[in-house]
Amino acid sequence: MGTARAGGGCWTPGAGPAAAASPSASGGFEVTGYDLSPAMVAMARSRPGAEGVRFLVGRLQEPPPGLTGFDVVACVDLPMAYLTTTDELRRALSSARGQLARDGVLVFDLSTIGYYRRAFGVPTVADRGDRYVAWFAVSPRIEADAVVVTQFDLFERAGAGWDRVSMRHAQRHHSDRTVRRVAERAGLRVVATRGLEGTSAREPADEDAHDRILYVARRVG
């Protein structure tokens, strides 16, 4: 994407189980990825196709030191949604800028306010036979540029009763206006956006109609 070239360097913060990193490697990039969770890093290293990828442990705002000159920094599948303040977002974007080559590009995505309201505005229960999945917003209101706390509950039949597993997520909606302003403060300029619905990209990006916005940014100066 952009000026990234086959054989160049690709850096994937928040790589998780190598969702972005392995395809980049198969496309001819020299790939380095990192994630906050050592367990996720171990999972990524064990996946088929990840043999040529270097995986490290680190945070978006405080990545492993000494890694610079990347043609692409790809931070996708929403790791930046878990940055719950604009200062955390600025620090993450500033760190990404420092890892880019002069002509490199940063690619990242964030959920829209429309997605949060559609997905979590009304409690939902899915019947999967011997299991039920429920998801809803814990936050009393879902507002733009604010933290959204959501919960997922899995109920699975166990003999005559049910086992329950709950997961709670604290994310922040960062509006397009905020993202552009914070990117400028971090020394980046947004040069393109696309709205995402599943794997389909739409133009122009729409905060209400689309689920995510994909951003492409370049270094300023």
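Mentor: Helices (H or I, at least four residues) and strands (E, at least two) are DSSP runs, numbered from the N terminus. The model is predicted, and for that reason local features need pLDDT of at least 70 and side-chain atom pairs count only at pLDDT 80 or more, whereas totals for chains, interfaces and linings use all residues. Residues are numbered from 1 along each chain as its sequence is written, and side-chain values use heavy atoms, with hydrogens and water left out.

The loop to examine lies between strand E4 (70-75) and helix H3 (86-99), and aspartate 77 is found in it. Aspartate 77 has a positive phi of about 70 degrees although it is not a glycine. Leucine 78, in the loop between E4 and H3 as well, has a positive phi of about 75 degrees and is likewise not a glycine. Such values deserve attention because most residues other than glycine have a negative phi, and most peptide bonds are trans. Aspartate 77 is exposed, with a relative accessible area of 51%, while leucine 78 is buried at 18%; buried means under 20% relative accessible area, exposed over 50%, and partly exposed in between (1.4 Å probe, protein chains only).

Proline 204 belongs to the loop between strand E11 (200-202) and strand E12 (212-219).

A nonpolar core is a set of buried Ala, Val, Leu, Ile, Met, Phe, Trp, Tyr and Cys residues joined through side-chain atoms within 4.5 Å. The largest such core has 34 residues, and those with the most contacts inside it are Met80, Leu93, Leu106 and Phe108. Elements giving two or more residues to this core are E4, H3, E5, H4, helix H5 (176-185), strand E10 (188-197) and E12. A second, separate core of 7 residues includes Val72, Val107, Leu214 and Val216. Leaving aside residues up to four places away in sequence, methionine 80 touches Leu60, Cys75, Leu89, Ala92, Leu93, Phe108, Leu110 and His174, a contact being heavy atoms within 4.5 Å.

Helix H4 (residues 113-120) has Ile113, Gly114, Tyr116, Ala119 and Phe120 as its buried residues. They pack against strand E5 (100-111), strand E7 (131-137), strand E8 (147-158) and strand E9 (161-172).

As for charged pairs, the structure holds 11 salt bridges, each defined as a side-chain nitrogen of Lys or Arg within 4 Å of a carboxyl oxygen of Asp or Glu. In one of them, aspartate 130 meets arginine 157 (3.9 Å, N to O). Aspartate 130 lies in the loop between strand E6 (124-127) and E7 and arginine 157 in strand E8, so the pair ties together parts that are 27 residues apart in sequence. Aspartate 130 is exposed at 53%, and arginine 157 is partly exposed at 43%. Another bridge joins arginine 164 and aspartate 153 (3.1 Å, N to O). This pair links strand E9, which holds arginine 164, with strand E8, which holds aspartate 153, 11 residues apart. Here arginine 164 is exposed at 51% relative accessibility, but aspartate 153 is buried at 4%. Finally, Arg59, Glu62 and Arg91 are linked in a network of salt bridges.
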